[in-house]
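Thanks, everyone. Have a look at the model on the screen, and then we'll go through a helix pair and some cavities.

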Amino acid sequence: MRTEGTSVTPAPVLTFLGGAGSVTGSKTMFDIGNGRVLVDCGLFQGHKSLRLQNWAPFPVPPQSLDAVILTHAHLDHCGYLPRLARSGFTGPVYCTPGTRELAEIILPDSGHLQEEEARFANRKGYSKHDPAEPLYTKQDALDSLNLLRSVPYDHPREILDGLVVTWRRTGHILGAATVSLHSTEHDVVTVFSGDLGRSTHPILLPPAPIGRADVVVCESTYGDEKHAHIEPDAALSAAINHIVDSGGVLIVPAFAVDRTEVVLWHLDRLVAENRIPDIPIFVDSPMACRALDVYRKEVDSGSPEIRPEVRGRDLFPSLRLTETVSVEESMALNDRAGPMVILSASGMATGGRVLHHLAHHIGSRDNAVLLVGFQAPGTRGEALRNGARELKMLGKYFTVAAEIFTVDLSAHADRADLLDWLGTAQPTPRMVYVNHGEPEASAALVRAIDNRFGLRSVVPRPGERVRLDQ
């Protein structure tokens, strides 16, 4: 509004569109007086009630967004971008070079999988919609990639008049970053954690310090848990030995980016130390195979994201590793005798080739499934972890007879890591908004923040708007 001789710009405002009250679909709108940006553009996954939100009209006209800022390339943070672009968004999408490189792999693959699932549903007749349609196509995803703009770590970039953004390393996956938004007119700095990595990641360096932050928007995936700080050798060895003894197949639903690399890292170490047998291991995911190439390149080139002791090394030299890309190669795996290991996306068994491997193998006690990280409520991975004896996939129910193993190889910071990261803010923030977590996890982190720092923190509601001025 205006007063005589004075121009007053409205205070910056956050609107929590996704990732509020759930651990998926991250989207937070940031309004300043002369523009509007979206921090992350994630796809909702998990419960059907969440997935249906992907089909709802975007809460504001997509054309009203001046830019999108990405923290990293996982689908729950960037996977809605093709849909947003198809709905009319044409602005730039800013991210780190690593995020751009991985998004160029992940988004077209997501569009392809959605087309494949729609075709399969139409062929089998199990969709409630006639015909079933994909949320977006591979071509939609390819078109959206033209909007990506790379910004290096630690290089402040003014993306709008009065809005300066800085990306800093988080160690979650390659290219992952926290983002600091400095609204210069009000001199307010808001820092978004994105997804924080673990200090114990075997390949990537841990998160960088926050620095200045007046307001922090912090994830809480593991806000109520402390990771067991032990090597995962026992669970990995037990799963491998089970299928070696039975001649069966171990199915590992693993996120194509980073989780696959971490699983292979541990298997390689165990084989090199003669602690598990050297058996065939297949990475059955075109996206995972391309992501492996990106990790190999970054390790070989000595990227500053990579731990110094890893730079320049060959990755996984001790494994009998085969990467399968074509559909025919994937189908042939189910006709192959064990023992063998199949790593295939997705990590929570929500879609992709892993469903066909599970459908083929989960009914035999000779086989096993290894769950290697967080399993969101409503996913098949959560059902398996909780002991489900029947699992619905591809329009049918399958009896679960295979042995189920779990190991904590999550790429997410736990409560202690989150608190340690918040403690790097100088000076202490005046407010923390805890999002991207299930309600119990978010509430637990709020209590932990109060106990440790005595500062205000709240869990925002979906759609809630908050002012950022003092």
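Contact here means heavy atoms within 4.5 Å. Helices are DSSP runs of H or I, at least four residues, and strands are runs of E, at least two, numbered from the N terminus. This is a predicted model: local features need pLDDT of at least 70, side-chain atom pairs count only at 80 or more, and totals for chains, interfaces and linings use all residues. Residues are numbered from 1 along each chain as its sequence is written, and side-chain values use heavy atoms, without hydrogens or water.

Helices first. D233, L236, S237 and I240 in α6 meet H266, L267, R269 and L270 in α7. By class, that contact has four nonpolar, two polar and two charged residues. Nonpolar means Ala, Val, Leu, Ile, Met, Phe, Trp, Tyr, Cys or Pro; charged means Asp, Glu, Lys or Arg; the others, Gly among them, are polar.

Now cavities. On a 1 Å grid over the protein atoms alone, a cavity is a set of points where a 1.4 Å probe fits but cannot get out; lining residues have an atom within 4 Å of a point. Points join across faces, edges and corners, and volume is the space filled by probe spheres set on them. Three cavities reach 30 Å³ or more.

β4 (27-32) and β13 (215-219) each supply at least two lining residues. The lining has three nonpolar, eight polar and four charged residues.

Technical notes:
On a 1 Å grid over the protein atoms alone, a cavity is a set of points where a 1.4 Å probe fits but cannot get out, and a pocket is an open set with protein on both sides within 12 Å along at least five of seven lines; lining residues have an atom within 4 Å of a point.
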